[in-house]
Amino acid sequence: METTQTMTEPTEVPVVLAIAGHDPSGGAGIHADIEAIVSQGVHPATAITALTVQDTVDVQRFVPTEPKLLIEQALIVLRDMPVGAIKIGMLGTVELVEAVATILSRYPDIPVVLDPVLVAGGGGSLAENAVAAAIVEHLFPRATIVTPNSHEARVLAPDAADLQERGTVLASLGSEYVLVKGGDEPGDKVENWLFGVEPPRRFVYERLSGAYHGSGCTLSSAIAGLIAQGSEPVNAVHEGLEYTHQTLMHAAAIGRGQLIPHRLFWADDENGTDMSDEPPGSSRVH
Ligand code: PLP
């Protein structure tokens, strides 16, 4: 018997493709990406790079996806939907870095937000040793913005003397912008520095008391969601940081370890809205 397939006209809903790992605790990785992208009023499509075994305390191990399978996941989405930005998170192996470079080479015009994930918040490794160099070689030249935390920035630019030099070095490796996040540094203020603008721009926040699981994923995905809607990268960084700070202020101790950012805080009744209200990104006011 013949089957009929219904083809519908694509709509104008903006789409982010998140290429990232699965964290079963739901704090980081692809869960975080989906929630942060939805919060910008954008549709999240996903391609999974790895399954991790971890909780809110730390990572035990990860199993990378077969590179060919990752390429297939990404390309089937890219051929089907008008992807407005690609967010890249945990890659884990050099082969997966190369697989992502292959995917990006087919779509040279889509903006890319690259979160160079190397370790989890608990200190467990999320990448084999050669991954940092492979990310610099294969993915920096294709990135609109790279969002290392201060530890990742040190690994990616090991010879730089201080944060300013590190940011300048990283911004010379091919991406348009580099946002070095200061959440892991000491001090009662969190300083995030954006390089690729002259002079480098500082975004300062009061330090919150908790340790968080998935804050970097949240930020990079929010930035990708905003860019997919047409925001300029510098505005997207500012709005993405504001959104992420809110998710941390509403974070919850759901597991025994780090707090999980509440990325859907805007949907809570206590915040004056309910699930029928529009997410913050759709009104574009943070
Ligand atoms: N991606 C995955 C799959 C992870 O498991 C983690 C941390 O555990 C991260 C990314 C990075 O998390 P964060 O946003 O806390 O830097």
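Student: At what angle do helix 1 and helix 7 pack, and how far apart are their axes?

Tutor: Axes are lines fitted to C-alpha atoms, for helices over the stretch in contact, and angles run from 0 to 180 degrees between N-to-C directions. Helices (H or I, at least four residues) and strands (E, at least two) are DSSP runs, numbered from the N terminus. Here helix 1 (residues 29-39) and helix 7 (residues 215-228) pack at about 40 degrees, with axes 8 Å apart. This is a predicted model, in which local features need pLDDT of at least 70, side-chain atom pairs count only at pLDDT 80 or more, and totals for chains, interfaces and linings use all residues. Residues are numbered from 1 along each chain as its sequence is written, and side-chain values use heavy atoms, with hydrogens and water left out.

Student: Which word describes the orientation of helix 1 and helix 7?

Tutor: Angles under 35 degrees count as roughly parallel, over 145 as roughly antiparallel, 65 to 115 as roughly perpendicular and the rest as oblique. Helix 1 and helix 7 are therefore oblique to each other. A crossing is left-handed if the near helix is turned anticlockwise from the far one by less than a right angle, and right-handed if clockwise; helix 1 passes helix 7 in a right-handed crossing.

Student: Which residues of helix 1 and helix 7 meet?

Tutor: Contact means heavy atoms within 4.5 Å. From helix 1, G29, A32, D33, A36 and I37 meet C217, T218, S221 and A222 of helix 7. By class, this contact of helix 1 with helix 7 has 5 nonpolar, 3 polar and 1 charged residues. Ala, Val, Leu, Ile, Met, Phe, Trp, Tyr, Cys and Pro count as nonpolar, Asp, Glu, Lys and Arg as charged, and the others, Gly among them, as polar.

Student: How many residues of helix 7 are buried?

Tutor: Buried means under 20% relative accessible area, exposed over 50%, partly exposed in between (1.4 Å probe, protein chains only). Helix 7 is mostly covered, with 13 of its 14 residues buried. After helix 7 comes G230, with a positive phi near 105 degrees.

Student: How do helix 7 and helix 8 pack?

Tutor: Helix 7 and helix 8 (residues 233-249) pack at about 140 degrees, their axes 8 Å apart. They are therefore oblique to each other. The crossing of helix 7 past helix 8 is right-handed. Among the residues that meet are L219, I223 and L226 in helix 7 and V237, L241 and Y243 in helix 8. The contact of helix 7 with helix 8 divides into 11 nonpolar, 5 polar and 1 charged residues.

Student: What is the angle between helix 3 and helix 4?

Tutor: It is about 15 degrees, with the axes of helix 3 and helix 4 (residues 131-139) 9 Å apart. That makes helix 3 roughly parallel to helix 4. In helix 3, V94, L96, V97, A99, V100, I103 and L104 are buried.

Student: Is T147 buried or exposed?

Tutor: T147 is buried, with a relative accessible area of 0%. T147 sits in the loop between strand 6 (145-146) and helix 5 (150-156). Counting no residues up to four places away in sequence, T147 touches several others, including D115, K181 and S220. T147 and S220 are 73 residues apart in sequence and 6.8 Å apart in space, C-alpha to C-alpha.

Student: Where does K181 lie?

Tutor: K181 is in the loop between strand 7 (177-180) and strand 8 (189-195). At 10% relative accessibility, K181 counts as buried.
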